[in-house]
Amino acid sequence: MKKNPYFDPTKPHHRPGGFQNNYLEFREKRWHELLRWRWEAWRKGEPTPPKDPIPVVEPDLAFIHANAKAGKAMAPAITWVGHITVLAQIGGLNFLTDPVFSERCFPVQWAGPRRHTPPGLRLEQLPHIDVVLLSHNHYDHMDEGSLLALARQAGCPPLFITPLGHQAWFARHGIHGVVELDWWDRHLIQATGHHHRIPVVLTPAQHWSARTATDALCSLWGGFAVLSPDCHLFFAGDTAYSKDFADIRQHFAIDHAPGLGGGFDMALLPIGAYEPRWFMKDQHCNPAESVQIFKDLGAKQALGVHWGTFQLTNEALDEPPKALKKALAANRINEQRFFVMPIGGTRRITPRSR
């Protein structure tokens, strides 16, 4: 077993050889479970092709770029680039979550799952990115080509904020502006032209990590809370449903007191890559579980992500929004509160009042 250089025996999610979840011990799937998954999918003819095209719109580049340079006048807004990648413009800064712009999410670009929909913004159409939030090291989240391109952006590279265990990978690729966080660690970012500093907190998730055949659980995974004065943003990363989200709500209870503006203004929650449940339940939530996460967090609004781009599991590419609609109806939650939008679409967020 590899030794965990970050090991802290006072933290239950730290193990001598790596990391673990808070509420469910993750174990790698056995070869016979992988065979069963593929066999059952073949026998059932899954995944079926989408019945409806995945919605894609031309991005509002005029707004996005003007907003990117607006400083204190920036209007809080999110733009869905596709899959898990979201441009969040808050606090005078441009954040990008898990940037994936490549044609395939795989160690090589001649194999693996291919994009069904193009990025809503191409790399060259992005505004200058200030901060990249990286949730974990799976290939559909940590894309080498995209990260290297962002590190070479005009001006200066973004700050890369990651869970523990990723700095060495970035250093090998010549990238050194990296901050590693453990669960609940808080890093303060200074917004240019602003007096305030924006806290970014790494939050727990129920997932796992692996980049090669020998490094499972050697790096940490998680989500992020960004506590900007104009918008409290939550990004879940990849996760199964767990009690972690009730813990997150409790952890930020003081920050989210009614007199301080209440709960998260926007949550970016995964709603895809969930079938078959016997295989995926301990690592990916389905739309009904995403709605429960939304409720546990006490968020004001949420955008459904992690669907419509890569065919990773057995449900059809267009199925997650349909399942989300049913789950929202069952919970009597308005679809304007937990919504999906076209790839390339932008949604403005009501500025936080306090």
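These entries record my look at salt bridges in a predicted model.

**Basis.** I worked on a predicted model in which local features need pLDDT of at least 70 and side-chain atom pairs count only at pLDDT 80 or more, while totals for chains, interfaces and linings use all residues. Residues are numbered from 1 along each chain as its sequence is written, and side-chain values use heavy atoms, with hydrogens and water left out.

**Entry 1: count.** I looked up salt bridges (a side-chain nitrogen of Lys or Arg within 4 Å of a carboxyl oxygen of Asp or Glu). The count comes to 16.

**Entry 2: Asp 282 and Lys 29.** I found a salt bridge between Asp 282 and Lys 29, with the closest N and O atoms 3.1 Å apart. Asp 282 lies in the loop between helix H6 (277–280) and helix H7 (287–297), and Lys 29 in the loop between strand S2 (18–19) and helix H1 (31–44), so the pair ties together parts 253 residues apart in sequence. Helices (H or I, at least four residues) and strands (E, at least two) are DSSP runs, numbered from the N terminus. Lys 29 is buried, at 18% relative accessibility. I took buried as under 20% relative accessible area, exposed as over 50%, and partly exposed as in between (1.4 Å probe, protein chains only).

**Entry 3: Lys 322 and Asp 52.** In this salt bridge the closest N and O atoms are 3.6 Å apart. Lys 322 lies in helix H8 (residues 319–330) and Asp 52 in the loop between H1 and helix H2 (61–68), so the pair ties together parts 270 residues apart in sequence. Lys 322 is partly exposed at 31%, and Asp 52 is partly exposed at 42%.

**Entry 4: Asp 318.** I noted that Lys 322 also forms a salt bridge with Asp 318, the closest N and O atoms being 3.2 Å apart. Asp 318 is buried, at 7% relative accessibility. Through shared partners, salt bridges join Asp 52, Asp 318 and Lys 322 into one network.
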